[in-house]
Every structure is written in structure tokens, then in C-alpha cells.
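Please keep the sequence and the model in view while I speak.

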Amino acid sequence: MKPFAIGVTKLLRDSSEPLHFELEGRIKDAFVSFSKVPEGEPVTITGVVEPVHQGLLVTATIKTTWQGSCVRCLEQAEGPIEVDVVELFEEEGQGEEDTYHLSGDILDLSELVKDFVVLELPVVPLCSKSCKGLCVNCGQNLNEEACSCSKDEIDPRWGKLSSL
Ligand SMILES: [Zn+2]
Ligand SMILES: [Zn+2]
């Protein structure tokens, strides 16, 4: 039901040993304008939970894959997401409203996973860093083939720049 939840009863009672974990699940509605984590795409989080005096400290790495449309050539683009997190989960009723909280003796990482994945989604996705995009005149995908108009007819907006 909750793939990113960990029972921490033992950890809260006997705080000598940190708890190592490796979880895999799916997240919903993780998107920005031009990229997203597709529903059904596996998301993994691997790390360790340690008791600290305000609650539990989670140190972990989240991994998944994003997909989107390349902003230059409009073809499908995708790439890896890998993000390191260090976050405190406070006990219920403690600390600030906007921090993460334990619910009883359950540590549910799903909100944290989604928050950090969404922050890593590319706002300007590219199919590759060297994508040549589309010709502004004829719409030819210049990654596939050069077009005949590309050399002669420079867009007037760029004309000034190229004469500098
Ligand atoms: Zn592209
Ligand atoms: Zn062209």
C-alpha cells in the first residue's frame, strides 16, 4: 500500500543501531511544464535512518528516470534523476509545520521522495546537450539532416549578433 513507509518502532525504542533501507515504489503526479516521471516508472530510495534527539534523520539517495519533450527539437527526451537527501523527520506535534513528520511509529518517505524528484525534473529538457533543434525557416529537424535554407537565410534577429 505504502511502498515508501518504514516501521520504526524498534528504532524509536532502542536507538543504538541505525536502520538501513532500500525501497522501490511509484509516484503520481510528479511533473513540471515540460518533463515528468511517468506513472509506473520505478523510483528507488536507498539510505539510512538514525535517531537524533528531535526525531529521525534520513540520509538517502533517490533514483528514477524523467521523460519529456526536448525544447529544441520537440522529440522525446529522457534522462536519469539521482538526488541525495538529508532530512529530519520530527515526532508528531514537534517542530515547524513545514518540516516532515513521523506518523506514530511509521516513517513515510513518499512525500519526501516526490518533493525531491519534482525539484530535479528538468525545466528545459533536452534530448541531448548538443541537440541542434529545428530549422526556424523550414522546420527540418537538424539532428537528422541539414536543410538547404540554413546557411543562406539567417533569421534577421540573429543577423545582428552574427555580425558582431
Ligand atoms: Zn532535441
Ligand atoms: Zn531549413
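Asp-108 is buried, with a relative accessible area of 18%. Asp-108 forms a salt bridge with Lys-2, and their closest N and O atoms are 3.4 Å apart. Asp-108 lies in strand β9 (residues 106–108) and Lys-2 in the segment before β1 (5–7), so the pair ties together parts that are 106 residues apart in sequence. Lys-2, for its part, counts as exposed, at 56% relative accessibility. A salt bridge here is a side-chain nitrogen of Lys or Arg within 4 Å of a carboxyl oxygen of Asp or Glu. Side chains of opposite charge can pair when their charged atoms come close.

Let me state the basis of these values. This is a predicted model, in which local features need pLDDT of at least 70 and side-chain atom pairs count only at pLDDT 80 or more, while totals for chains, interfaces and linings use all residues. Residues are numbered from 1 along each chain as its sequence is written, chains are lettered from A and ligands numbered from 1 in the order in which they are written, and side-chain values use heavy atoms, with hydrogens and water left out.

How many salt bridges does a search of the whole structure find? The search finds two. Besides the pair already described, the side chains of Arg-26 and Glu-24 meet in a salt bridge, at 3.7 Å from N to O. Arg-26 is partly exposed, with a relative accessible area of 45%, and Glu-24 also counts as partly exposed, at 48% relative accessibility.

I turn now to the chain as a whole. Its secondary structure comes to four helices and nine strands. Helices (H or I, at least four residues) and strands (E, at least two) are DSSP runs, numbered from the N terminus. Along the sequence, the pattern reads β-α-β-β-β-β-β-β-β-β-α-α-α. Of the 164 residues in the protein chain, 32% are buried. Among contacts between residues at least 6 apart in sequence, 54% join residues at least 24 apart; contact means heavy atoms within 4.5 Å.

Which residues of helix α2 (residues 110–120) are buried? They are Leu-112, Val-113, Phe-116 and Val-117. These residues cover an arc of only 120° around the axis, which puts them on the same side of α2; the arc is that of the directions from the helix axis to the C-beta atoms. They pack against β5 (43–52), β6 (55–69), β7 (76–90) and β8 (100–101). Leu-112, leaving out residues up to four places away in sequence, touches Ile-45, Ile-62, Val-85, Glu-87, Phe-89 and Tyr-100. The face of α2 turned away from the buried side carries the exposed residues Glu-111 and Leu-119.

Several loop residues also deserve attention. Pro-38, in the loop between β4 and β5, is buried, with a relative accessible area of 14%. Apart from neighbours within four places in sequence, Pro-38 is in contact with Thr-65 and Gln-67. Leu-74, in the loop between β6 and β7, has a positive phi of about 70° although it is not a glycine. Leu-74 counts as exposed, at 59% relative accessibility. Asp-29, in the loop between β2 and β3, likewise is not a glycine and has a positive phi of about 55°.

I close with the surface. The accessible surface of the protein chain comes to about 10700 Å², of which 50% belongs to carbon and sulfur atoms. Accessible areas come from the Shrake-Rupley method with a 1.4 Å probe, and for residues only the protein chains shown count as cover. Phe-34 is in the loop between β3 (31–32) and β4 (35–36) and counts as partly exposed, at 47% relative accessibility.

How values were computed:
Buried < 20%, exposed > 50% of the residue type's maximum accessible area, 1.4 Å probe, protein only.
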